[in-house]
Amino acid sequence: MSEELAINGGPVTRDKSAKPWPTNSNASGHMFGDEELALLAQVIESGQLGWQYGTMVKQFEAEFAARHGAKHACAVTSGTAALHTAMGALRLEVGDEVITSAVTDMGTVIAIVQCNCVPVFADVDPQTMLMTPESIEALITDRTRAVVVVHLFGQPCEMDAIAALCEQHDLALVEDCAQAHDAAWDGRPVGTIGDIGCFSLQQSKHITTGDGGICITDDDEFQDHMVCFHDKYYDRTGQDRAPQRIGINYRMSELVGAVALAQVRKLDTIIGRRQQNADIMCAGLAEIEGLNPPKVHPKVTQHTWWRLAFTIDEEILGVDSQKFGQSIGAEGLPFSVAYGRREPICMLPALANYAAYGSGNFPWEPPYGRAVPYRREDYPGTNWAMSNVFGTSWIETLTEDDVNDMLDGLRKVADYYRERA
Ligand SMILES: Cc1ncc(COP(=O)(O)O)c(C=O)c1O
């Protein structure tokens, strides 16, 4: 018989106070070092801290665009800012509908609403938590103008079908790649499949500046509008055009640009380490009867593991996800069920109450937009995933020893329940 579980008073698999897991909320989960410090020192010594005067942000944009094979890049102050800048460049009408995922960060939604558009939420595949083409298609109306696809946890969405839908219905396609730096669908890097790709450099992302973001595009007109939009629609091209529209100030400072530049040069190493550990983890999970390793679409040519997620087979194990989750938590493992606030994002008060501006319901009210219904029961995939998908941040500083501890704990708990099922 297997060893007694920690939840029943047995020994823990990993004593987290003696042997803490690395975390992306401090240096233990990142690769910061002399490279960042040297570039930061250059900025200070140059006295050129603003993007207009310096070289760091421009160089970061050039290197980021080049590694994606994209024609242009525009660095900004956050992933939310990147998405807002992309939406600004699309120049949508007030009340236009934009379809995005029911499982995402508020930043994706804020960008839509701040352009006075109405967000509409697609359900997700319960195993991958990725918005599905079928769910998007069912939501397209004559008011739909764009789709913001969210590549969650480092895995691309089904881009063949989604791009085809956008083409067929003449919809702009923006890619939220905040969690999917360097991921690829059928050999194409995410961010280059749709019209504009948006990335975040927030503290938990593959590469980080604490906060920061960047957009990429091949389209000259979108780039012109993004560069203007993020810089108050001032024109720095030498043509001295007066501001043509209302923009915002999302300029990345040279200090942030210096760190971003050092970080992007480490991206290959970061992704390589994540993949190496993910391979060990997925192979290990596949050998534990009753656990389902992460579901990866066969056309995903590069998964970059922002989070590693798996599910259990409740029948084989004779235990539900909730009890299994409590048991692995007691073993000291870092996995938790659910993501975000455990419900479709449209059920959060700001959205469920249409609360964006003043005390009214603009832009969800006529004559501007439509009061799109947000109902929990319309999201079976999301609801299931929020109670049954286990995940943990898959950071590059995890060691093989850490991965083995995770597998030991999962094997111990799965064996215990299966033997008693
Ligand atoms: C999927 C997704 N979209 C958008 C964002 C917004 O990025 P930021 O926090 O940099 O504004 C995040 C990050 O939190 C995210 O995970």
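The buried residues of helix α1 pack against α2 (56–68) and α8 (254–264), with contact taken as heavy atoms within 4.5 Å. Those buried residues are E36, L39 and V43, where buried stands for under 20% relative accessible area and exposed for over 50%, with partly exposed in between (1.4 Å probe, protein chains only). Seen down the axis of α1, the buried residues fall within an arc of 75 degrees, so they line one face of the helix; the arc is that of the directions from the helix axis to the C-beta atoms. On the face turned away from this buried side sit the exposed residues D34, L37, I44 and E45.

This is a predicted model, in which local features need pLDDT of at least 70 and side-chain atom pairs count only at pLDDT 80 or more, while totals for chains, interfaces and linings use all residues. Residues are numbered from 1 along each chain as its sequence is written, and side-chain values use heavy atoms, with hydrogens and water left out.

After α1 comes G47, with a positive phi near 75 degrees.

Over in strand β2 (residues 97–101) lies E97; helices (H or I, at least four residues) and strands (E, at least two) are DSSP runs, numbered from the N terminus. E97 counts as buried because its relative accessibility is 0%. Among the residues that E97 touches, leaving aside those up to four places away in sequence, are V118, R143 and R370.
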